[in-house]
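Hi,

Here is the structure I promised to pass on. Have a look at it first, then read my notes below.

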Amino acid sequence: MSGDKEIAACAPLPLNKAGFNSAAQIPYGVKVEHIRRAMQDFVDFLGFVNAQLSTKKIERLESFLMPANFSSMVGEFMAAAIPKYCKTIMRNKYHNGHPDMLPTGKYPGDSILHGPEGIEIKASRHTSGWQGHNPEDIWLMVFCFDSNTSRDAGRGIDPRPFRFVKVVGALLGKKDWQFSGRSATSRRTITASVKRSGFDKMEANSIYRAD
C-alpha cells in the first residue's frame, strides 16, 4: 500500500450515466434501469468496503483476492442485486444452479440445477473471449470491468480505481461456443469459449459502455 494513489483508488469511478443504452433488449422483464441500479449498488459497496479497509491499512478487495475470486464476486453481486429491482426475475436458489437468474415462478421454489430459461451472469476483466463450462443455448450477460489484481503490486503497477467498462448480452446458441475440452489425464476445468459469432451478437446489444 502506498500513499495518495492507494487512497484515491479506494473509490470506484462513477458510472457514465450517458453510457446506458435504453434500446438494449433484455428478456424476462429486465430493464436497463434495473441493470444501472444494480451496478450502482456494487460501486457503492466496493467504495464503502475499500474505504473501511484503508482505515485499517488493509489492501483493497481487488488487490488481495485472487483475480478469479474477485471476478466471481462481481458476478455474484450482480446476480443478487438485479432481482432487487426487477420482480419478474429471481436469483437461482439452487446451489451452483444454472443459469444464475430465473424467470420468477418458472421453476418450483425458483430453484433448478440446470434449466433452459433464464439469464447467465459473468463478470470479467476481459472485453472478449469469455468462457463457460459447456456450449449451450443461453442468454448471457457479461459485466466487463477494469481493476487492480493481486499480482499488480509485485509487478510495480500503480493503484487504480475499479470501473465498469461495458455490459453486453444476447441469446447465444451452441454454435456460438468453441468447446475446449481436456485430455483424459488433465485436471483442468472443462471450458467453452464464446466464438466471434457470439461476441458479435453481444456487442450488437450493448447495455452499457463507459466510453
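Before we start, a term: a residue is buried when its relative accessible area is under 20%, exposed when over 50%, and partly exposed in between (1.4 Å probe, protein chains only). Helices (H or I, at least four residues) and strands (E, at least two) are DSSP runs, numbered from the N terminus.

Keep in mind that this is a predicted model, where local features need pLDDT of at least 70, side-chain atom pairs count only at pLDDT 80 or more, and totals for chains, interfaces and linings use all residues. Residues are numbered from 1 along each chain as its sequence is written, and side-chain values use heavy atoms, leaving out hydrogens and water.

Let's take helix α5 (residues 196–204), whose buried residues are Gly198, Phe199 and Met202. Looking down the axis of α5, these fall within an arc of 100° (taken from the directions from the helix axis to the C-beta atoms), so they line one face of the helix. Why does that spacing work? An α-helix has 3.6 residues a turn, so residues three or four places apart point the same way. On the face of α5 turned away from its buried side sit the exposed Arg196 and Ala204. The cover over the buried residues includes β5 (138–146), β6 (163–172), β8 (192–194) and β9 (206–209).

Next, Asp41 sits in helix α2 (residues 32–55) and is buried at 18% relative accessible area. Leaving aside residues up to four places away in sequence, Asp41 touches Phe77, Lys84 and Tyr85 (contact means heavy atoms within 4.5 Å).

Cheers
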